Amino acid sequence: MTSRIPRDSRLRLVRPRPLAAAPRAMTQRPSRRPAPRPPEGTPAQAELARMARSLLAGAARVAHWADAALGPDRDAGQHDAKATLSDASAEQAAAALGLSPAQVRAEWDTARLAGLVEVHGDSARPGWRLRAWDRDDSAVLRGWVALFDAWSLAHPELAEREAATVAEVVSAMPQVLSFLQLSAGPVPVEQLLDLLEQRVTELRTERCEIPYGPQPDPDQAQPRDTPLGPLLDWALHALASVGALTYGDGQATLTPLGSWAVWVKLEQICVAAQSPAGNIEAGAEEMLRGCAQLRPKAARDEYRAWLAARPVGSAVTELLGAARGEDALLRGLAFEALRVVGAPAEPVVRAVADEPTLRPYALLWLAVHDGADPEDAHEVLTREEATWLWVDTAAAVADHGEAPLLVRHLESAVQPTIPMLLDEVRAVGHPRTVQVLVALAAAHPDPALAKAVRRAAFQVHTGSS
């Protein structure tokens with residue numbers, strides 16, 4: 001009589017599949033949008049990165065000094081929740097680098113805006129871009145684009161200006177920059193001022209700021225509480241200070257870096273307007289479900305489109321809200337989308353690493369973000385965390401995938417044998433353990449193994465050993 005005692009079936013040791021492995025087994029559609037090319041005459045990426053390194057050389061020097069002199073376990077900032085350099089540190093850096101303390105502080109602020117220094121609470125530490133500064137052109141360019149995005153912070157406006165009008169000018173400047181980019185040459189400031197005034201008027205109209213009483217002739221110039229000329233002058237000087245344009249003799253011209261950055265921003269808007277799968281207006285959960293059927297590249301295009309249409313902070317919050325739900329598929333996809341967000345998501349992802357449901361995903365995200373090879377990132381997980389993630393991914397496969405994929409998912413377990421896997425799966429306490437084991441038993445072609453898995457499911461369900 002053939003024994004029905006389960007064999008000590010050996011699991012093949014293979015690298016864990018990416019978290020998006022489950023959705024890839026479902027119906028897939030190819031991306032329809034070819035990769036865009038920058039305008040003719042745009043320097044190569046290596047040349048753009050050389051320009052960015054030159055512009056940020058002082059900030060990089062200060063950041064490298066702080067990394068070496070202050071050390072990884074010492075505060076680089078005062079306890080003011082802003083991680084500004086202390087007076088002593090600024091004096092020390094000034095002496096070491098041949099700068100004045102004011103220059104050190106200015107470069108420190110630039111380093112923070114460019115992501116060369118990352119703020120965590122009231123302290124700061126070297127950012128991943130600083131680690132990759134000499135070897136990764138894309139990291140350098142991302143750092144400069146981050147500074148470009150923060151131009152209004154890099155060169156604060158005059159305190160006496162009305163805050164609401166300053167905000168309107170900041171909101172209107174992308175259109176001014178787009179006009180400069182399309183002009184591909186010097187543009188008189190008077191022409192830019194006309195454009196700025198038109199855009200600010202449009203912004204006020206969009207907010208329905210229509211005064212009561214008789215309205216003046218629309219063809220007549222409208223009086224302004226705050227003249228926009230000085231604010232345009234401030235904005236152009238600020239953009240010049242970060243290397244986006246040159247400004248003088250009554251005209252402004254985008255630099256090659258500035259022209260490229262504006263093109264990148266325009267391309268993001270185009271991607272948002274032509275999202276591959278049409279999920280641009282959907283909430284995070286609906287968007288992620290729509291991406292489950294896309295190939296990885298097409299899904300990333302969809303994530304970019306969705307993210308480009310909303311503020312980064314609210315987008316990250318919405319993605320993490322979807323990740324906290326009961327659908328394990330959305331959990332994995334949400335963190336794939338957060339990879340597209342990149343560095344701006346890092347503090348929030350680090351904060352949720354203490355939540356048991358999100359911890360394995362957050363640790364893997366942070367490992368890759370900090371430079372680990374994606375194939376080796378799983379090494380940051382403990383045995384228990386890896387087992388929990390295995391069950392969670394199996395739940396996604398059971399809910400949305402096919403039976404053969406669930407069987408193949410066994411190969412990604414860290415345990416070398418089926419009995420060890422079942423023991424540790426029972427111990428890890430995942431809320432979907434019973435459903436996963438039942439689905440695996442139903443799908444597996446080996447009767448003896450299926451019986452052992454069903455027994456394990458029954459033991460978890462009844463609480464027996």
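Q: Which residue stands opposite Thr246 in β5?
A: In this predicted model, the residue facing Thr246 is Thr253 of β5. Leu245 has a counterpart in β5 as well, namely Leu254.

Q: What makes β4 and β5 count as a pair of strands?
A: The cut-off for pairing is at least two bridges between the strands. Four bridges join β4 to β5 (residues 251–254), so these strands meet the definition of a pair. They run antiparallel.

Q: How do you know that β3 and β5 pair too?
A: Here the count is two bridges, in the antiparallel sense. Pairing needs at least two, so β3 and β5 qualify. In one of these links, Val187 has Ala252 of β5 as its bridge partner.

Q: What makes β3 and β4 edge strands?
A: The open sheet has three strands in the order β3-β5-β4. β3 (187–188) and β4 (245–248) each pair on one side only.

Q: What sits between β4 and β5, and which residue there has a positive phi?
A: The two strands form a hairpin with two residues between them. Asp249 is the residue with the positive phi, near 55 degrees.

Q: Which helix lies across these strands, and at what angle to β5?
A: That is helix α9 (residues 163–183), which lies across β3, β4 and β5. Its direction makes about 75 degrees with β5.

Q: Which residues meet where α13 packs on α16, and how many of them are nonpolar?
A: From α13 come Glu285, Leu288 and Arg289, and they meet Leu330, Leu333, Ala334 and Ala337 of α16. By class, the contact has five nonpolar residues, two charged ones and no polar ones.

Q: Why is Trp133 called buried?
A: The cut-off for buried is under 20% relative accessible area. Trp133 has 5% relative accessibility, so it counts as buried. It lies in the loop between α6 (128–131) and α7 (137–149). Not counting residues up to four places away in sequence, Trp133 touches Arg53, Leu56, Ala60, Leu116 and Val140. Arg53 is 80 residues away along the chain, yet its C-alpha atom and that of Trp133 are separated by 8.2 Å.

Q: What makes α19 a largely enclosed helix?
A: Of its 18 residues, 13 are buried, so α19 is largely enclosed by the rest of the structure. As for its length, α19 (residues 383–400) reaches 26 Å from its first C-alpha to its last, close to the 26 Å expected at 1.5 Å a residue.

Q: How many helices and strands does the protein chain have, and what share of its residues is buried?
A: The chain has 23 helices and five strands. Of its 465 residues, 44% count as buried. Among contacts between residues at least 6 apart in sequence, 69% join residues at least 24 apart.

Methods. Residues numbered from 1 in each chain as written. Predicted model: local features only at pLDDT ≥ 70, side-chain atom pairs only at ≥ 80, totals over all residues. Heavy atoms only, no water. Contact = heavy atoms within 4.5 Å. Nonpolar A, V, L, I, M, F, W, Y, C, P; charged D, E, K, R; others polar. Axes fitted to C-alpha atoms, helices over the stretch in contact; angles between N-to-C directions. Expected span 1.5 Å × (residues − 1). Buried < 20%, exposed > 50% of the residue type's maximum accessible area, 1.4 Å probe, protein only.
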